[in-house]
Amino acid sequence: MLDPFGREAQELIRREFGDVLSLLERIPSSIDPKETLTLVRWVLSSETPPKELIEIKGIESLKDLFRFYALLGALAFSPYGLEAELVKRATSKLYLERIKSRNTLEETLLKVEAPSGIPERDRKILEKVMDRSLPEEDREKLRLKYRIHLREFLELWEGSLKEVYLREGYAYLRWNEALKLWKMAFERRFDRAVSLLSDVREELPDFYEHLLQELRKLAEKYFKERLENLGKVNAKPLRFDLFPPCVKEALKGVPAGMRNYAITVLLTSFLSYARLCPNPPRKDVRVKDCVSDLRVIEEEILPVIIEAGNRCRPPLFEDQPHEIKNIWYHLGFGLTDKPTLEDSGNSTWYFPPNCDKIRANAPHLCKPDRYCRGIKNPLTYYLRRLAREGGKENPEGEGND
Ligand code: SF4
């Protein structure tokens with residue numbers, strides 16, 4: 001199977017199992033959890049996947065699909081952690097190598113087609129047809145191999161538009177550009193699949209939680225250096241410079257109509273999960289599952305929330321002093337202003353809202369930057385940047401605003 005999100009794989013899932021959830025129910029009785037790790041384990045010892053993983057055929061293709069979706073099922077229990085980064089990195093490399101070895105992107109999730117409609121004159125220029133000195137290998141690299149609808153292209157492409165030939169609603173792609181685009185599409189679909197499965201993880205068999213434990217061991221080995229530099233990726237001091245734009249906007253204070261959403265809903269959930277429990281082990285996690293006393297909330301989180309509330313116009317807590325109780329309520333302590341650790345669990349500890357909810361409820365907060373591409377939740381944004389840049393101090397000269 002060239003691509004587990006491609007047309008062939010999706011049709012097979014529909015035909016044989018009905019949907020992905022039914023496939024995930026079937027997997028535990030079909031494969032050994034350790035076997036699924038073969039899709040990932042190779043990254044510990046090699047830059048490129050082994051031949052036997054690239055050249056798979058027949059019954060092995062179905063096993064391959066089982067392995068991949070089993071990994072997604074495991075990640076439903078830790079959608080934002082290093083395990084997800086490891087699996088995404090290993091599988092995108094692996095499937096990319098398969099695509100390269102078959103030299104085609106047909107049947108993959110990228111909706112490309114033959115590059116018709118290019119005027120001959122443009123083609124000659126773009127492919128340097130008249131340049132007789134060009135080695136065949138370079139000529140092949142210049143060949144326009146596919147076209148893709150501009151709408152789909154623009155959703156994925158991060159480079160300059162000058163790099164690509166655009167004509168009549170299509171972007172025309174050379175092989176390397178098409179591969180780059182496939183990788184972006186794969187990673188985006190991967191994040192979306194994990195995020196969707198995370199919403200239904202209570203319905204998944206225990207198999208996947210056990211598999212996650214195995215994945216965690218691999219991720220700890222693979223990211224050993226990073227973890228040693230950073231300390232554990234779990235709870236640690238907040239890096240304001242790596243916060244997503246919507247959270248930075250909320251921190252600046254907002255006008256009256258948006259205050260409760262920005263401060264009580266977004267900021268409270270984001271700061272608390274980012275600081276106390278970036279990878280919640282289950283949906284109904286409580287603060288007391290993550291910390292042993294409330295000082296970290298009282299000394300590091302509440303002051304930031306109150307300061308942001310004071311910056312609102314008019315200041316939130318002067319206007320609505322009872323809103324403090326609501327903050328504790330959203331942290332899961334029930335409606336109180338003098339909680340103890342034992343109170344955690346009296347209400348739900350709200351998880352940060354997804355980006356689409358933020359855009360619907362407080363559109364002015366969402367001012368996406370380049371790291372927001374493909375992000376579904378502000379916490380993912382932060383954890384990704386923390387994983388990539390967390391070892392550097394203010395890597396891009398951004399202020400702690
Ligand atoms: S895309 Fe998401 S993370 Fe980025 S600013 Fe908008 S709401 Fe925040």
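Glutamate 107 sits in the loop between H7 and H8, and its phi is positive, about 75°, although it is not a glycine. Keep in mind that this is a predicted model, where local features need pLDDT of at least 70, side-chain atom pairs count only at pLDDT 80 or more, and totals for chains, interfaces and linings use all residues. Residues are numbered from 1 along each chain as its sequence is written, and side-chain values use heavy atoms, with hydrogens and water left out.

- Most residues other than glycine have a negative phi, and most peptide bonds are trans.
- You'll find asparagine 103 in the loop between helix H7 (82-102) and helix H8 (120-126); helices are DSSP runs of H or I with at least four residues, strands are runs of E with at least two, and both are numbered from the N terminus.
- Asparagine 103 counts as partly exposed because its relative accessibility is 41% (buried is under 20% relative accessible area, exposed is over 50%, partly exposed is in between, with a 1.4 Å probe and protein chains only).
- Glutamate 107 counts as partly exposed too, at 36% relative accessibility.
- The peptide bond from arginine 313 to proline 314 is cis, with omega near -5°.
- Proline 314 belongs to the loop between helix H17 (295-310) and helix H18 (316-319).

**Surface and cysteines**

- Leu154, Leu161 and Leu166 make a nonpolar surface patch of about 240 Å². Patches take residues with over 30% relative accessible area and no salt bridge, joining like charges within 9 Å and nonpolar side chains (Val, Leu, Ile, Met, Phe, Trp, Tyr) within 5 Å. A salt bridge is a side-chain nitrogen of Lys or Arg within 4 Å of a carboxyl oxygen of Asp or Glu. Areas come from the Shrake-Rupley method with a 1.4 Å probe, and for residues only the protein chains shown count as cover.
- Leucine 166 is in strand S2 (residues 165-167) and is partly exposed at 34% relative accessibility.
- The structure holds 0 disulfides (pairs of cysteine sulfur atoms within 2.5 Å).
- Cysteine 246 is buried at 10% relative accessibility, whereas cysteine 372 is partly exposed, with a relative accessible area of 21%.

**Confidence**

- The protein averages a pLDDT of 87, and 94% of the residues score at least 70 (pLDDT is the predictor's confidence in each residue, from 0 to 100).
- Over residues 393-401 pLDDT stays under 50, and the model has 20 contacts beyond four places in sequence for them (contact means heavy atoms within 4.5 Å).
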